[in-house]
Amino acid sequence: MPGDGGLPITARQEQFSLAFVRMVAAAAGCSIKSHETDYDGVDITIVASREYARFYCPELELQLKCTTRHSRLKADHLAWPLERDRFLKLVSPKRFVPALLGVLLIPEDPDQLLDLSEDGLTSPSRMCWEYAAKLGEIEDGKSSTTVHLPRSTCSM
């Protein structure tokens with residue numbers, strides 16, 4: 001991949017995770033609604049613009065995270081720490097729109113993020129996700145918790 005635009009690594013990770021989800025959503029025929037802030041515990045909303053048996057134009061809200069820490073990927077899950085306030089916002093049973101947590105695992109070397117060639121665009125990155133309602137609970141008095149995203153949900 002050519003050059004370095006100077007964007008700090010955390011900003012690169014944020015932009016790459018958003019782009020990753022946008023590509024997957026577009027391939028599935030869905031659109032994205034952006035949020036001005038993630039104060040409510042989510043970054044984007046994925047929308048299907050069609051009618052299904054039970055729903056018309058269903059939506060899912062997604063909190064995105066991105067990491068190069070491959071040690072978080074275990075045999076059957078990806079472990080991700082969440083601070084108490086973020087966790088409680090994400091898992092709130094009062095949410096009207098279902099929420100998910102998605103963690104994108106990317107290569108440590110930024111030059112390996114993408115391979116752009118005549119054969120197409122590829123990336124060794126993978127995203128693991130889970131519905132917030134399945135993330136469990138946080139113990140009273142704990143400032144954070146580690147959630148487990150099933151490896152079976154990881155896409156490459």
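**Close-up views of a predicted model**

View 1. Glu61 is buried, with a relative accessible area of 14% (buried is under 20%, exposed over 50%, partly exposed in between, with a 1.4 Å probe and protein chains only). The model you are looking at is predicted: local features need pLDDT of at least 70 and side-chain atom pairs pLDDT 80 or more, while totals for chains, interfaces and linings use all residues. Residues are numbered from 1 along each chain as its sequence is written, and side-chain values use heavy atoms, leaving out hydrogens and water. Look for the side chain of Arg95, which meets that of Glu61 in a salt bridge, 2.7 Å from N to O (a Lys or Arg side-chain nitrogen within 4 Å of an Asp or Glu carboxyl oxygen). Arg95 sits in the loop between α2 (84-91) and β5, and Glu61 in strand β3, so this pair ties together parts that are 34 residues apart in sequence.

**View 2. Lys33 and Glu59, another salt bridge.** The count of salt bridges comes to two. In the one shown here, Lys33 joins Glu59, and their closest N and O atoms are 2.7 Å apart. Lys33 belongs to strand β1 and Glu59 to strand β3, so the contact ties together parts that are 26 residues apart in sequence. Lys33 is partly exposed, at 41% relative accessible area, and Glu59 is partly exposed too, at 26%.

View 3. Follow the order β1-β2-β3-β5-β8 and you will trace an open sheet of five strands with mixed pairing (strands are DSSP E runs of at least two residues, helices H or I runs of at least four; a pair needs at least two bridges). At the edges lie β1 (30-34) and β8 (126-131), each pairing on one side only.

**View 4. Where β1 meets β2.** Strands β1 and β2 (residues 44-48) run antiparallel and are joined by five bridges.

**View 5. Leu116 at the surface.** Leu116 is found in strand β6 (residues 115-117). The residue is exposed, with a relative accessible area of 70%.
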